[in-house]
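Open the model in your viewer and keep the selection panel at hand. The stops below are meant to be taken in order.

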Amino acid sequence: MNERLSLEFYLRDVLEVAPELLGKPLVRQFADGSQKQYMITEVEAYRGAEDLACHAAKGRTPRTEVMFQEGGKVYVYLIYGMYWLLNLVTGEEGYPSAVLIRGIDGFSGPGRLGRELQLDKSFYGENLQASPRLWVENAKPVTEYKTSKRIGIDYAGEWANKMWRFYL
DNA sequence: CGCAAGATTGGC
DNA sequence: CCAATCTTGCGT
């Protein structure tokens, strides 16, 4: 059961991938050799260039480039100058979509999560299949989860009302 | 080249 | 309620 999620897992529609990531172990191998696992408890889906809440809505830029690529990669970015948010890119090449990891077991909030995992710019584009320091493993699907509107994107108009937040 | 604002958090 | 802190995208 301790195998990494397959590339195929990430290549599906982000709205399928996001809820299935709940309950999966996020594994972080730190620079000092120690390793920790965190169960994913909360995620949000960001889907396509039309989704105004998605950073890729502003076009293909150096910052959003990785979201346009094939799934199975990491998209990290600095928000408010202090917090690194972790996203997992999904879908086929050319269709920008990603899952924001908002919460892991024991920690609440995407910013605190990034601090715990000691994320930084070097994780941008990290390949979850090949990375020696960050990946997600398979586990039994969760039987029950909740949905709600996404957090902190009121500027996105009607897109802010999408029930694209999934949590345990 | 300057500037405003952001998928947040914690302190006043 | 608001500052912290810095990258990005867009306007000048």
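Which residue of β4 is the bridge partner of Y77? Select Y77 and look across to L85, its bridge partner in β4.

Before going further, note that this is a predicted model, in which local features need pLDDT of at least 70 and side-chain atom pairs count only at pLDDT 80 or more, while totals for chains, interfaces and linings use all residues. Residues are numbered from 1 along each chain as its sequence is written, chains are lettered from A and ligands numbered from 1 in the order in which they are written, and side-chain values use heavy atoms, with hydrogens and water left out.

**The hairpin**

Helices (H or I, at least four residues) and strands (E, at least two) are DSSP runs, numbered from the N terminus. β3 and β4 pair in the antiparallel sense, over six bridges; two strands count as paired if DSSP finds at least two bridges between them. The two strands form a hairpin with three residues between them. In its turn, Y80 has a positive phi of about 55 degrees.

**DNA strand C**

The residues surrounding DNA strand C are T61, R63, L78, Y80, G81 and M82, where a residue is near a strand if one of its heavy atoms lies within 4 Å of it. Of the atoms of DNA strand C that come within 4 Å of the protein, 70% belong to sugar and phosphate. Select T61: one of its polar side-chain atoms lies 2.5 Å from a phosphate oxygen of DNA strand C.

**DNA strand B**

Next, show DNA strand B. It is surrounded by 21 residues, the closest being H55, N87, L100, G109 and Y155. For DNA strand B, sugar and phosphate make up 51% of the atoms within 4 Å of the protein.

- G111 has a polar backbone atom 3.1 Å from a phosphate oxygen of DNA strand B.
- R115 has a polar side-chain atom 3.4 Å from a phosphate oxygen of DNA strand B.

Colour by element next. β3 (74–79), β4 (83–89), β5 (97–104) and α4 (110–116) each supply at least two residues of the surface near DNA strand B, and α4 gives the most, with four residues.

**Aromatic rings**

The whole structure holds six aromatic pairs, counted when rings of Phe, Tyr and Trp (its six-membered ring) have centres within 6.5 Å; planes under 30 degrees apart count as stacked, over 60 as edge-to-face and the rest as tilted. Select Y38 and F107: their ring centres are 6.2 Å apart and their planes at 70 degrees, so the pair is edge-to-face. Y38 lies in β2 (residues 35–47) and F107 in β6 (residues 107–108), so the pair ties together parts that are 69 residues apart in sequence. Y38 is buried at 6% relative accessibility, whereas F107 is partly exposed at 28% (buried means under 20% relative accessible area, exposed over 50%, partly exposed in between, with a 1.4 Å probe and protein chains only).

Move to W159 and W164, a tilted pair with 6.2 Å from centre to centre and 55 degrees between the planes. W159 is buried at 17%, and W164 is buried at 10%.

Finish with Y75, Y77 and Y124, which ring pairs link into a cluster.

Key
A polar contact is a pair of N or O atoms within 3.5 Å; within protein, one must be able to donate a hydrogen and the other to accept it, and residues adjacent in sequence count only if both atoms are side-chain atoms.
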